[in-house]
Amino acid sequence: MNVEEEVERLKEEIKRLGTAQADGSYKVTFGVLFNDDKCANIFEALVGTLRAAKRRKILTYEGELLLQGVHDNVEIILKPTPATAQT
């Protein structure tokens, strides 16, 4: 799977596990993503995929590198897509 495909899958998983916000974004904690069995099977390097999505400004979170345990409560916010923001 290439990086673009992984980022698209990550967006789907954040929507599945996260909570929809009033502005069309989705919010999930790193711990929820990291500890989810389905995500563990999809992503070889979840942290790398998160960083790639952050660089593309698809999502946002505090800090650069997320570590399991230490950063389990860090909120990851999937930004609303233009189509989602208009509805």
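Reader: Which side chain makes a polar contact with the side chain of Glu13?

Author: Happy to start there. The two side chains come to 2.6 Å in this predicted model, inside the limit for a polar contact (N or O atoms within 3.5 Å, one able to donate a hydrogen and the other to accept it). The partner of Glu13 is Arg16.

Reader: Before we go on, what kind of model is this?

Author: Residues are numbered from 1 along each chain as its sequence is written, and side-chain values use heavy atoms, without hydrogens or water. Local features need pLDDT of at least 70 and side-chain atom pairs 80 or more, while totals for chains, interfaces and linings use all residues, since this is a predicted model.

Reader: Is Glu13 buried or exposed?

Author: Glu13 belongs to helix H1 (DSSP runs: helices, H or I, at least four residues; strands, E, at least two). Beyond its neighbours within four places in sequence, Glu13 is in contact (heavy atoms within 4.5 Å) with Gly18, Asp36, Lys38, Cys39, Ile42 and Phe43. Its relative accessibility is 3%, and the cut-offs are under 20% for buried, over 50% for exposed and in between for partly exposed (1.4 Å probe, protein chains only). Glu13 is therefore buried.

Reader: Which residues in H1 does Thr49 contact?

Author: Thr49 sits in helix H4 and is buried, at 4% relative accessibility. Where the two helices meet, H4 contributes Leu46, Thr49, Leu50, Ala52 and Ala53, and H1 contributes Val3, Glu6, Val7 and Leu10. Leaving aside neighbours within four places in sequence, Thr49 also touches Phe43.

Reader: What is the bridge partner of Lys27 in S4?

Author: Lys27, in S2, is also the bridge partner of Thr19. Elsewhere in S4, Leu78 is the bridge partner of Leu59. For Lys27, the partner in S4 is Ile77.

Reader: Which residue in the turn of the S1 and S2 hairpin has a positive phi?

Author: Five residues separate the two strands of this hairpin. The phi in question is about 95°. The residue is Gly24.

Reader: Which residue has a positive phi although it is not a glycine?

Author: Most residues other than glycine have a negative phi. The one to look at lies in the loop between H4 and S3 and is exposed, with a relative accessible area of 60%. Its phi is about 60°, and the residue is Lys57.

Reader: How many Å separate the C-alpha atoms of Gly63 and Ile42?

Author: Gly63 is in the loop between S3 and S4 and counts as partly exposed, at 41% relative accessibility. Ile42 is among the contacts of Glu13. Gly63 and Ile42 are 21 residues apart along the chain, and their C-alpha atoms are separated by 24 Å.

Conventions
Pairing = 2+ DSSP bridges.
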